[in-house]
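Subject: Structure handover

Hello,

Here is the structure for you to pick up.

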Amino acid sequence: MREHQGLLTASVRPWHFLSDTHKIALMRTGAAYLAITLLVIGINWLLANVSQPLTLAPASASRWLLAGLNQVETSEFGDFRWTDGESRVCVDGVGYAPRSLVHVRLAGGYARALGTETASLHVGQAAPVTVALTPELRRYTLLTGSDQQPGAALCLTIQSNAVRDPNNPRWLGVPFHGLTVQPLAAAGAVMPAPQALAVGLALAIGWLAILHLSRVPLLLATIIVTLGSGLIGYSLAAGLVPFGAGTLRWALPTVGGIWMGVAGLAIARRWPLRQDWLNELAAILFWSIAILGAFWLLQRISGHSGVWPLKSRIDPSPTWWIVMPIAVAIIWFVAGFRWLHRPLAPVPVVVYTLIGACGLPVLFDITVHGLDAPIALFRDSPYEYLRDTPQVAGDPLGFLANFETIAPGLSVHGSTHPPGAILFLWLIEQLFGAGAVATSWITIVLTACLPLIAVWLGWQLGGGRLGLMAGMIAVVLPGQMVYGVTSLDGVFSLLIATGAAAFFLALEPPYRLWPAVVAGLAIAAALFMTYAATQLFFFGVAAVGFALVRYPPRQGWRVTFIALIRQGAVTAGIIIVIYLIIFVTTGFNVISASRTATMINGEMMERFREYGPPPTPFLPPSYDYYLRFAAANLVSYLVFLTPWALAALSMLYLRAGSVGWQPQWAALLGALGVFVLGMWLSGLFNREVERIWMFTYPLAAVLVAYQIGDGTEHRQRWRLAIYLGLTLAFVVVMKLTLYTIW
């Protein structure tokens, strides 16, 4: 803490007043930032000169690159857009190339039927070129001159005769099927686009600054950023992931978020306020501004409105009945407050938490959407697994053996998830009968068990009071209140959260085996339900790392390391053995099934309409696609954590650095941070993360409860009341104004 504060202070003093220690530290810092700057410049130069093409597809979501074109349609030649007779399409990030090949794909069949037989193509300052349209899809190639790329964007104008559609008030010119620009490095060196260089520098230096301000050792931070930049450069140069025509603008929310984080961390370290409550209030204000700003920027870039990127739409449902669940919630809060500073037993706390976790979401759902709301999803939705249970046909082993073959014909969710959910619902039908009623209520009750993970973990970290507070916060978090009555994701999250909590506790001295066994069983069951369980890899690696940092001095790091490896091996061994047994018994291969599901999901979500499928199923189709959803995912997730919970986590983050990440809560905070960061950067999720990442909410609730519980009894009560009140009010607003898409 003192070293970094000294470095921040030293950076604003004249050089000759600095001590030798501060001079050396500043020189090392400058060398690290200079090295990253030179690396990014070199990568940009390399990418500009490897002649990888830049493609603009008709289905591009980067609307600002398309001017004068109608909506996307489909023909025998694939996606296309009608031009309006005077259309303009652009590609960003080309750079200063002496020559470029511009390929435009046009299909003239429909246009010729309307009397349009030629089109004029105009690039830069050169004279327009008139081409004859043919009925089939044809690629027309133009060669630019050195005077035709004054900026980084290369634009093509398509002029033609246009006919008014009598059935639709549109001007129809020529069907546009795509544009590709390929700089010709052989004609001379290509200078990197200034915009691309600026974005690359902003991202790389911003990440280095975040890591540096987070007290990651400077050498390690530099290595991390170097490896990340190198991997991105390699994937682009090798053609594994296309750059994407809209990458530069889609990167702006991420750039803005990173540098807001840099500014926030620097200010919090350099100029902390005198009182903790003022710091917390400032953090709430910071997160509110950051989230609202990110919303505004994403909507401006994407052209969306409403509450996008949340997986919701504005659907006001005002009702005075909402007073009833609010009153019940307040009574439930009061009962919890009365227990806070009394001796607590586990069973009453579990029952109390379960009543709130089950009753409050159901009451809110019924009062806003009607008495049948809790069963409406499984009864009405064509996307759910319930319609797939007849495929089991009384033979679960045969169903597993043939799962990959029949997966493309299953429901939306059934085809993109492992077979466990379908088998789970089939088992419910065998025990309780077919229909949505039993399925819905069993799912609701199991989802209500998710806050019990917060109670368990909180109790282990800080005793009964922390467990009770964590349970109360976990119950009222928007994710639990909104999605506690909606789908099987709550059941999935229960298994994943159980695995995460059990593994974290397995790494704590005296390194008991039973939590490692529980973790293995829970993770294996979760992986049988959802491939999102694979993301526990990030949490597990981070938890082991922080546990090693916290090794007890009396036993040394070698003994600790061996114990941690043993615990991890037990957990991993259980998972591997279970899936080996399943494979030997039925032939079901979870790795092969995950690849199949990824491809089905990609085609279903139209991931490949712009660039086609990547060389491997787990790569993003392009970097503009990746950055678009990376920003959307993180913003949506943070909204459901709420600005005040994020403020509490931020305060803990600042404290953790000063204590060297030694306490249990600091290790949990670090593991959770790596968990979320890894899922975010993995790029495997296409929105909906406010529901899919529900398993992180119990972990966050424990940490928020720990931050709230710091101080006198009176202060704890007031802070908890404020947090619960703000969150309940936020949930009420969401329930009355939004329709959540499941």
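Two strands pair if DSSP finds at least two bridges between them. Keep that cut-off in mind for the first item. Also note that this is a predicted model.

**Strand β4**

Which strands does β4 pair with? Seven bridges join β4 to β11 (residues 175-183), and the two run antiparallel. Seven bridges also join β4 to β7 (residues 137-143), again antiparallel. Both counts meet the cut-off of at least two bridges. R105 stands opposite G178 in β11. A107 stands opposite L137 in β7. Strand β4 itself covers residues 100-107 and is mostly covered, with six of its eight residues buried. In a regular strand, side chains alternate between the two faces of the sheet.

**Cysteines**

A search of the whole structure gives one disulfide. It joins C90 to C155, with an S to S distance of 2.0 Å. C90 sits in strand β3 (residues 78-91) and C155 in strand β8 (residues 154-160), so the bond ties together parts that are 65 residues apart in sequence. The torsion about the S-S bond of C90 and C155 is about 110 degrees, so this disulfide is right-handed. Are the two partners buried or exposed? C90 is buried, at 12% relative accessible area. C155 is buried too, at 17%.

A disulfide needs the sulfur atoms within 2.5 Å. Looking from C449, the closest cysteine sulfur is that of C358, at 8.6 Å. C358 counts as partly exposed, with 22% relative accessibility.

**Cavities**

Rolling a probe the size of a water molecule over the atoms shows where empty space is left. The count here is five cavities of 30 Å³ or more. The largest cavity holds about 60 Å³ of space. Its lining residues are I473, V476, L477, T642, W644, A645, V704, Y723, L724 and T727. Of the elements, α30 gives the most, with three residues. What is the lining like by class? Eight residues are nonpolar, two are polar and none is charged.

Over to you.

Best wishes

Terms used
Residues are numbered from 1 along each chain as its sequence is written. This is a predicted model: local features need pLDDT of at least 70, side-chain atom pairs count only at pLDDT 80 or more; totals for chains, interfaces and linings use all residues. Side-chain values use heavy atoms; hydrogens and water are left out. On a 1 Å grid over the protein atoms alone, a cavity is a set of points where a 1.4 Å probe fits but cannot get out, and a pocket is an open set with protein on both sides within 12 Å along at least five of seven lines; lining residues have an atom within 4 Å of a point. Grid points are joined across faces, edges and corners, and a volume is the space filled by probe spheres set on the points. Helices (H or I, at least four residues) and strands (E, at least two) are DSSP runs, numbered from the N terminus. Ala, Val, Leu, Ile, Met, Phe, Trp, Tyr, Cys and Pro count as nonpolar, Asp, Glu, Lys and Arg as charged, and the others, Gly among them, as polar. Buried means under 20% relative accessible area, exposed over 50%, partly exposed in between (1.4 Å probe, protein chains only).
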